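Please keep the sequence and the model in view while going through the numbered points.

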Amino acid sequence: MAETPVALRRVTAPAVAAFKGRGTPVVMVTAYDAPSARIADAAGVDVILVGDSLANVVLGYDDTLQVTIDDMEHHVAAVARAHPHALIVGDLPWLSYHVSTADTVTNAARLVRAGAGAVKLEGGRKRLEAVQAILDAEIPVMGHLGLTPQSVHALGGFRVQGKDLEAARAIVDDAVALADAGCFAIVLECVPDAVARLVTDTVEVPTIGIGAGRHCDGQVLVFHDLLGLEERVTPKFVRRYANLADDARDAIARFADDVRGGRFPASDETYHAADNVADVMIAVYGSNDANASAATADDVEAPHPA
Ligand code: KIV
């Protein structure tokens, strides 16, 4: 019997949609490259979001508006090379779904060809045409409401959204429109918990919160925030489960210290020539390296596993 292709053994968008009402929250984390995807997948997350937060946390930009579809395609492909079991969701960056329907579908397809099993885009009723066109191309779509960072200038900054009745109602109406259009899940970012609860109780697809309180059907955090790799800003909703920046600084400082103190590399971290080769080399060129005369031959192994 033919083996199921790797992509189909993954968590799928319909499987994520089926979390609704099951009582088990959806766990989503961002990742932007193969090693972070491998780590997130081994930890057992359901969804890996290759978010456009790539811009801030990896590429050093101040906002997500700088990231392009080329950047996103590159990083979705890197995550896909880790062959995670989790569903890979590729974030459509600013202007990749705002200009024309044809561009929108082409850009979504680029992320799918790079390895995503679904795409995410920001906005509600305003984006229904884009959502519909992508769905018509058989690509699952995740919505994103509340604080939508691609609208940072229009929103006047990174602020909690849906604080008054009218704004809260608009978020609920947007969520209903996205769910009715066929989105399989909706991210709710930085909204009061009462608003997130109302949306969650109203729509029939899972809500995945970030800064939206506990009444969502799932939660997402950014990889670098969760692990304490991003230290410049810590929004209130981030819980740090590790301090990897501290550990990394300490490790690199110890490496530097060992190099400067002549303690790295040690003999067992070194390839040695066979005795006869080493002896001839010493005879011809001379040597003051004590290790060279005690040498044995090494096979050169691949520096890193494939
Ligand atoms: O880009 C991203 O990381 C996101 C999450 C904050 C949901 O959109």
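**Note on pockets, ligand and backbone**

1. The lining of the second largest pocket receives at least two residues from each of strand 5 (141-146), helix 8 (152-155) and helix 9 (165-181). The structure under discussion is a predicted model. The volume of this second largest pocket is about 560 Å³. It is lined by 26 residues, of which G123, K126, T148, S151 and L155 are the closest to its centre.

2. How do the residues lining the second largest pocket divide into nonpolar, polar and charged? Ten are nonpolar, eleven are polar and five are charged.

3. The largest pocket holds about 960 Å³ of space. Its lining comprises 38 residues, and those closest to its centre are L147, E189, D225, P235 and F237. Helix 4 (54-57) and strand 6 (185-189) are the elements that contribute two or more residues to this lining. By class, the lining of the largest pocket consists of 18 nonpolar, eight polar and twelve charged residues.

4. Where does the ligand sit? The space that the ligand takes is the largest pocket. The residues surrounding the ligand are T30, L49, G51, D52, S53, D91, K120, H144, V187, E189, I210 and V222. This shell is divided into four nonpolar, four polar and four charged residues. E189 deserves attention, being listed in the shell around the ligand and also among the residues closest to the centre of the largest pocket.

5. An N or O atom in the side chain of S53 lies 2.5 Å from an oxygen atom of the ligand. For the side chain of K120, the corresponding distance from a ligand oxygen atom to an N or O atom is 3.0 Å. For the side chain of D91, it is 3.2 Å. On its own the ligand has 260 Å² of accessible area, and the protein covers 95% of this.

6. The peptide bond that joins F264 and P265 is cis, with omega about 0 degrees. P265 belongs to the loop between helix 12 (244-260) and helix 13 (275-285).

7. L95 is located in the loop that runs between strand 3 (87-91) and helix 6 (101-114).

Technical notes:
Residues numbered from 1 in each chain as written. Predicted model: local features only at pLDDT ≥ 70, side-chain atom pairs only at ≥ 80, totals over all residues. Heavy atoms only, no water. Near = heavy atom within 4 Å. Polar contact = N/O pair within 3.5 Å; in protein donor to acceptor, adjacent residues only side chain to side chain. Areas by Shrake-Rupley, 256 points an atom, 1.4 Å probe, with all protein chains shown as cover. 1 Å grid on protein atoms, 1.4 Å probe; cavity = no way out; pocket = protein on both sides within 12 Å on 5 of 7 lines; lining within 4 Å. Sits in = over half its atoms within 2 Å of the grid points. Nonpolar A, V, L, I, M, F, W, Y, C, P; charged D, E, K, R; others polar. Points joined across faces, edges and corners; volume = space filled by probe spheres on them. Helix = DSSP H or I, 4+ residues; strand = E, 2+ residues; numbered from the N terminus.
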